[in-house]
Amino acid sequence: MPKLILLAAAASQALDVSTLSPASPPAESIRFLFIVVTAAAAFILAIVWGVLFYSLLKFRRPRLLKDGLPTTEPPQVYGSLPIEVAWTVAPGLIVFLLTLVIVRTEFQVHVREQQQPESAKILNVTVIGHQWWWEYVIERDGQRKPGVVTANELHIPASTAEQPRPIYLNLRSADVCHSFWIPRLAGKTDLIPGRNKNEMWFATRETGLYVGQCAEYCGTQHAHMLLRVYVESEAEFQAWLANETKPAVDDPSVRNGKQIFLTESCVKCHTIRGTPAQGAFGPNLTHLAARETFAGCMIPLTRDNLRKWIRDPQEIKVGCLMPAFGLSEQKIDWITDYLMSLK
Amino acid sequence: MYVLMAIFFLVVAGCEALAIRWQLIKPGNDFLNPDTFNKFFTMHGTTMVFFMGMPILIGIANYVVPLQLGAHDMAFPRVNAFGFWTTLFGGCLAYFSFFVPGGPPAVGWFAYAPLTETTFSPKSGVDFWALGLLVSGVGTIAAGVNFVATILTMRCPGMTLTKLPFFCWTMLWTSLQILVAIPPLTAALIMVEFDRVLGAQFFNPQNGGSAYLWQHLFWFFGHPEVYILILPAFGMITEVVPVFSRKVLFGYEFMAAATMGIVFISMGVWAHHMFAAGMSRTLDMYFAAASLLVSIPTGIKFFNWLATMYGGRLWMASPMLFAVGFLAMFVLGGLTGIMLASAPFDLQVSDSYFVVGHFHWVLIGGTVFGVFAGIHYWFPKVTGRMLSERLAKWQFWLLLIGFILTFGPMHVSGLLGMPRRIFTYQADRPWQLWNQLSSLGAMIQAPSYLLFVINIGWSLRYGRPAGDDPWDAWTLEWATTSPPPSYNFSETPTVRSRRPLWDVKHPDDPDWKYE
């Protein structure tokens with residue numbers, strides 16, 4: 001598992017979210033396109049600014065002649081067909097060349113056109129956007145059926161030369177439009193309700209933490225719909241997957257908390273696999289304590305933070321869809337203990 | 001009145017913008033709560049587009065177009081008044097949402113479904129927003145009809161369409177574009193209200209509606225809309241640049257054709273706002289290539305403006321100052337537009353601050369600089385007094401510096417992965433510096449608009465008398481008194497060329513010999 005990262009403490013060491021430090025083929029292709037287009041734009045800008053500032057310096061009316069003093073008019077030039085044709089055709093050529101580069105990049109970043117080597121082991125993940133958190137359904141390796149269901153933090157294997165591991169995301173939304181964006185891995189793709197064929201892919205060689213967030217305005221807490229993707233070695237990923245596949249921990253010492261969880265309204269929204277809690281509205285909590293953050297990756301997962309959250313989520317994330325239930329402090333303690341046991 | 005209303009809404013939306021910038025000055029700021037922030041950016045965008053941008057352009061054109069045509073008034077003065085009052089009423093309706101339970105809408109000016117459905121926005125803010133836009137849209141269409149009728153039928157003797165002053169030419173095409181672009185928006189807004197009030201399901205995917213449909217309808221209006229906002233500014237620049245370069249416009253025919261080209265192409269590129277929405281690869285490539293094509297006529301315009309200045313005798317009075325500001329800045333916005341049109345690159349930067357930087361750059365570096373050039377140019381005609389050049393220069397430089405500082409850094413924060421429409425950001429993201437620069441820029445920009453308002457007030461009373469033709473210009477509006485008498489001209493003028501006053505001033509070498 002990657003080392004625990006405290007969100008607040010990390011301020012001095014900013015996380016890399018730049019579109020210009022790509023770590024996956026689609027993001028790399030896009031950066032190449034960025035360089036080409038920027039070069040073309042700089043070239044055009046240099047011409048326009050060059051002529052503009054040259055004219056300003058060269059043809060500025062002398063101050064002596066300002067206001068009123070008689071002056072002759074400069075020669076009147078009404079136009080010129082060859083020149084007009086030239087500056088219609090030249091930009092046309094630039095546009096044509098740019099289009100060719102765009103078409104090439106277009107083929108590189110979109111899922112279906114990607115030629116994968118035979119040895120590639122594709123990992124299919126269904127991403128479902130909710131106000132304001134992410135749900136992942138990770139396919140069991142090699143089998144086209146859902147395996148692990150988790151929320152907000154996604155773990156994926158790194159891609160190596162011997163073992164390419166492209167990740168295919170199928171993007172859906174449970175409510176309004178969202179957009180999945182981790183700048184270092186790929187451009188964004190929207191999650192649109194009622195449209196289940198939006199897809200994207202990436203494959204990254206560097207292990208580590210990649211962050212991003214929802215990029216399509218989706219309501220009150222749009223700003224706090226954050227994304228964390230952990231890219232791990234194959235072994236680490238398999239270990240994580242194995243743990244996620246297990247049923248929830250059932251520790252007798254936190255039985256009180258479990259009891260309250262199952263009798264209060266928690267079960268209406270949350271699932272804990274292996275218990276009667278089967279709600280689908282909120283994040284799956286089966287292995288909550290194995291995560292580093294919660295509430296849409298907004299808050300580091302500590303016992304203290306979780307207690308505060310259960311007491312009154314609105315105080316931490318105003319407008320979020322989980323209400324405060326007015327539980328006694330004792331009950332909150334028990335539930336927190338129970339949830340913290342769900343490794 | 002149009003212009004005064006627009007300036008009022010400019011102040012309102014400007015204050016909203018300042019609050020937004022203040023909120024983003026540091027991570028985790030709590031100056032505005034999330035809902036207020038979302039409401040402010042919704043109303044800021046809506047106001048600037050519908051109640052500031054279009055009215056100020058229509059207002060100026062209402063005054064200038066009949067003068068340039070040598071006409072006594074607009075074709076339908078009552079329709080004109082109707083257009084103004086419906087636009088104002090629409091603005092009031094939208095702003096009335098501040099006084100209803102739940103307050104103004106918090107759905108963004110683009111109002112993507114299904115966020116606008118009652119499930120997600122149960123309060124009436126969205127209704128006021130939709131009805132306000134619908135009503136003001138009616139006013140805009142009225143204005144559009146009026147311009148088309150005026151320009152096509154009320155030109156003075158001798159003024160064929162090929163001798164039309166350029167501002168009138170752009171207004172003609174802008175108006176035609178209004179007539180094509182606004183009705184789909186009106187229809188879409190009615191559909192939203194059907195959904196919300198009558199239980200229709202146009203945009204509700206749970207019941208077979210389509211979230212996608214709204215995006216197509218909205219951008220089929222929304223993309224031409226940006227040209228509705230920029231073409232009149234092109235027209236103003238095209239009036240100012242030749243006069244202050246002391247040269248005839250270079251390549252009138254190509255400029256006119258380029259205007260038409262922009263209008264036609266812009267109708268077919270709306271889905272470049274939707275590259276990230278998962279269209280097919282084929283559609284992506286079509287919309288990318290079509291969007292790039294817009295750069296060709298725009299490029300023609302630029303080179304012709306530059307050619308007009310080249311070899312001229314540049315008089316850097318305030319209208320020309322703003323026009324040059326426009327030329328220097330708008331080109332950059334156009335170039336980032338080319339970047340955004342490159343579909344795969346758009347996947348990284350759409351819905352990021354790069355886009356926010358881009359379109360503010362275009363709308364302020366383009367429309368606002370153009371409008372200021374126009375207002376400084378025509379103010380003497382309207383009021384009979386000159387604006388203070390000293391205040392105008394302060395206004396220009398504050399605006400230029402503030403504008404670059406506000407919207408330049410946004411391109412960087414966007415490339416660094418900052419999404420737009422977020423009310424706050426985490427301390428571990430590398431965006432704080434760039435946001436502080438942007439906020440600082442906004443603080444520099446704000447007094448520039450204030451100076452403009454002061455300048456207008458001061459010059460109305462104390463400005464130097466202008467005389468009929470202070471700029472030694474060539475189009476018909478300068479042939480009448482400043483301010484013009486009612487019915488504009490004591491006798492209907494006759495023209496033989498595009499620059500009737502040049503012909504009068506240079507009888508030995510008139511324009512009509514060459515046209």
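A residue counts as buried when its relative accessible area is under 20%, as exposed when that area is over 50%, and as partly exposed in between. With that in mind, we can look at this predicted model, starting with a pair of charged residues in chain B. The side chains of B:Arg499 and B:Asp511 meet in a salt bridge, with 2.7 Å from N to O, and both B:Arg499 and B:Asp511 are buried.

Side chains of opposite charge can pair when their charged atoms come close. Over all chains the structure holds 25 salt bridges, and another of them, in chain A, joins A:Arg303 to A:Asp333, whose closest N and O atoms are 3.2 Å apart. This pair links distant parts of the chain, since A:Arg303 is in helix H6 (residues 303–311) and A:Asp333 is in helix H8 (residues 329–340), 30 residues apart. Here A:Arg303 is partly exposed, with a relative accessible area of 33%, and A:Asp333, at 23%, also counts as partly exposed. The two residues belong to one network, in which salt bridges that share partners join A:Arg303, A:Arg307, A:Arg311, A:Glu329, A:Asp333 and A:Asp337.

B:Arg246 leads us from the inside of one chain to the contact between the two chains. Within chain B, the side chain of B:Arg246 meets that of B:Asp472 in a salt bridge of 2.9 Å, N to O. Because B:Arg246 lies in the loop between H6 and H7 and B:Asp472 in the loop between helix H14 (432–462) and helix H15 (500–505), the pair ties together parts that are 226 residues apart in sequence. B:Arg246 counts as buried at 5% relative accessibility, whereas B:Asp472, at 31%, counts as partly exposed. B:Arg246 also meets A:Glu73 of the other chain in a salt bridge of 2.9 Å, N to O, and the count of salt bridges between chain B and chain A is 2.

The contact as a whole takes 97 residues from chain B and 93 residues from chain A. The size of an interface is often given as the accessible area lost when the parts come together. For chain B and chain A the buried area is about 8,100 Å², of which 68% is on carbon and sulfur atoms. On the chain B side, B:Arg313, B:Gln348 and B:Asp428 supply 9% of the area buried against chain A, more than any other three residues. There are also 23 residue pairs in polar contact between the chains, counting pairs with both residues at pLDDT 80 or more. Several helices of chain B give two or more residues to the side that touches chain A, among them H2 (34–69), H6 (211–245) and H13 (389–415), and the residues of that side divide into 62 nonpolar, 20 polar and 15 charged.

Finally, we turn to the aromatic rings, which form 68 aromatic pairs over all chains. In chain A, the rings of A:Trp134 and A:Phe180 have their centres 5.5 Å apart and their planes at 85°, so the pair is edge-to-face. A:Trp134 lies in strand S2 (residues 133–139) and A:Phe180 in strand S6 (residues 178–180), so this pair ties together parts that are 46 residues apart in sequence. A:Trp134 counts as buried at 0% relative accessibility, and A:Phe180 is buried with a relative accessible area of 0%.

Methods:
Residues are numbered from 1 along each chain as its sequence is written. Chains are lettered from A and ligands numbered from 1 in the order in which they are written. This is a predicted model: local features need pLDDT of at least 70, side-chain atom pairs count only at pLDDT 80 or more; totals for chains, interfaces and linings use all residues. Side-chain values use heavy atoms; hydrogens and water are left out. Contact means heavy atoms within 4.5 Å. Buried area is the accessible area (1.4 Å probe) that two parts lose on being put together, summed over both. A salt bridge is a side-chain nitrogen of Lys or Arg within 4 Å of a carboxyl oxygen of Asp or Glu. A polar contact is a pair of N or O atoms within 3.5 Å; within protein, one must be able to donate a hydrogen and the other to accept it, and residues adjacent in sequence count only if both atoms are side-chain atoms. Helices (H or I, at least four residues) and strands (E, at least two) are DSSP runs, numbered from the N terminus. Ala, Val, Leu, Ile, Met, Phe, Trp, Tyr, Cys and Pro count as nonpolar, Asp, Glu, Lys and Arg as charged, and the others, Gly among them, as polar. Rings of Phe, Tyr and Trp (its six-membered ring) pair if their centres lie within 6.5 Å; planes under 30 degrees apart count as stacked, over 60 as edge-to-face and the rest as tilted. Buried means under 20% relative accessible area, exposed over 50%, partly exposed in between (1.4 Å probe, protein chains only).
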